[in-house]
Amino acid sequence: MTGTRPLGSQGLVVSVEGLGCMGMSVYYSGRDDVESTATIHRALDLGVTFLDTAEAYGPFTNEILVGAAIAGRRDEVQLATKFATEFDDDGKSHGPNGSPEYARRAIDRSLRHLNTDRVDLYYLHRVDPDTPIEETVGGMAELVTAGKVRYLGLSEASAATIRRAHAVHPITAIQSEYSLFARGPERDGVLDACRELGIGFVPYSPLGRGFLTGEITAVDDLAPDDARRNLPWFTPENIAHNVAIVASLKQLAAQKGVTASQLALAWVIAQDTVPIPGTKRRRWLEENAAAAAITLTEDDLAAIDTASPPGVTAGARNTTQGLATTNR
């Protein structure tokens, strides 16, 4: 069992480690709804009860999968989903829309897909550059008043935006990419802002998009349709450098008697965050969940920092297009 911890200071309590469900439906090769459903069930059995999805994952297919998987066990789950890109009901995309009107429309559709009457944590998936954050959060706050949402969050927002949003309605959590390979939230003041304001931090891709598992040593280890082939970390000119970093971390993990994945997750947890590693297989879920029981000493943390200091990776964490939507 992973245990629990407060996420932020507004009253939400979640499992020490969550489960990112995105890859069960999109972006990574090999969709298998049967195994994904079994993975969600196993997560709940292990006490991994903080589940993360979004309407954009599909769109809609991941919310539908998660909603079906937690049927009959909804009260065990801290359920998070997100909105930002405007979708028609048929999945056609119209670009960013952070308006209160779209927030109302999106939450009602998400509740239908998730087969529930409330979402525990509702994120703005990406900040809409054409809608003031105060307007967006004001609309999201109305959803709290209506009882459709319990707590509010933002994803990939800048420290300045977080402060503006929090002044309108308490923000419970910030979700951004954070791992030993992506330490931007330390550099750009986001972690400091969260600590100052009592906001929880939820790292997505805490395993460096799979790199920190130690299972990827060459581009050809990824399936031909795996979206990670387009990311700078995985290009032929960068991958050898990044594999060498992971090799050093694997040596440290072996000295602790744990896997590289577990060491990387234990490091993120030690930063007082709640990571949501994604997987669609029970085998990896069980390995990841065990990381919550690992204690890292000050010497361990120093050795990890030496092996993978900020900025050590070769290549950006996302494409230029992907990065353009972050840190707004």
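**Exercise 1. Work out how helix 1 passes helix 10, and which residues meet there.**

*Step 1.* Start with the handedness: helix 1 passes helix 10 in a right-handed crossing. A crossing is right-handed if the near helix is turned clockwise from the far one by less than a right angle, and left-handed if anticlockwise. Helices here are DSSP runs (H or I, at least four residues) and strands are runs of E (at least two), numbered from the N terminus.

*Step 2.* Before going on, note that this is a predicted model, where local features need pLDDT of at least 70 and side-chain atom pairs count only at pLDDT 80 or more, while totals for chains, interfaces and linings use all residues. Residues are numbered from 1 along each chain as its sequence is written, and side-chain values use heavy atoms, with hydrogens and water left out.

*Step 3.* Now find the angle: the axes of helix 1 (residues 33-45) and helix 10 (residues 282-289) cross at roughly 25 degrees and come within 9 Å. Axes are lines fitted to C-alpha atoms, for helices over the stretch in contact, and angles run from 0 to 180 degrees between N-to-C directions. The two helices are therefore roughly parallel; angles under 35 degrees count as roughly parallel, over 145 as roughly antiparallel, 65 to 115 as roughly perpendicular and the rest as oblique.

*Step 4.* Look for contact (heavy atoms within 4.5 Å). Glu-35, Ala-38, Thr-39, Arg-42 and Ala-43 of helix 1 meet Arg-282, Leu-285 and Glu-286 of helix 10. By class, this contact has three nonpolar, one polar and four charged residues. Ala, Val, Leu, Ile, Met, Phe, Trp, Tyr, Cys and Pro count as nonpolar, Asp, Glu, Lys and Arg as charged, and the others, Gly among them, as polar.

**Exercise 2. Describe the packing of helix 4 and helix 5.**

*Step 1.* Helix 4 (residues 133-145) packs against helix 5 (residues 159-168) at an angle of about 40 degrees, and their axes are 9 Å apart. That makes helix 4 oblique to helix 5.

*Step 2.* The crossing of these two helices is right-handed. From helix 4, Ile-133, Glu-134, Val-137 and Gly-138 make the contact, and from helix 5, Thr-161, Arg-164, Ala-165 and Val-168.

*Step 3.* Sorting the contact residues gives four nonpolar, two polar and two charged.

**Exercise 3. Locate two backbone features, at Pro-59 and Arg-209.**

*Step 1.* Gly-58 and Pro-59 are joined by a cis peptide bond, with omega about 0 degrees. Pro-59 sits in the loop between strand 4 (50-52) and helix 2 (61-69).

*Step 2.* Arg-209 is not a glycine, yet has a positive phi of about 55 degrees. Find Arg-209 in the loop between strand 11 (200-204) and helix 8 (236-256).
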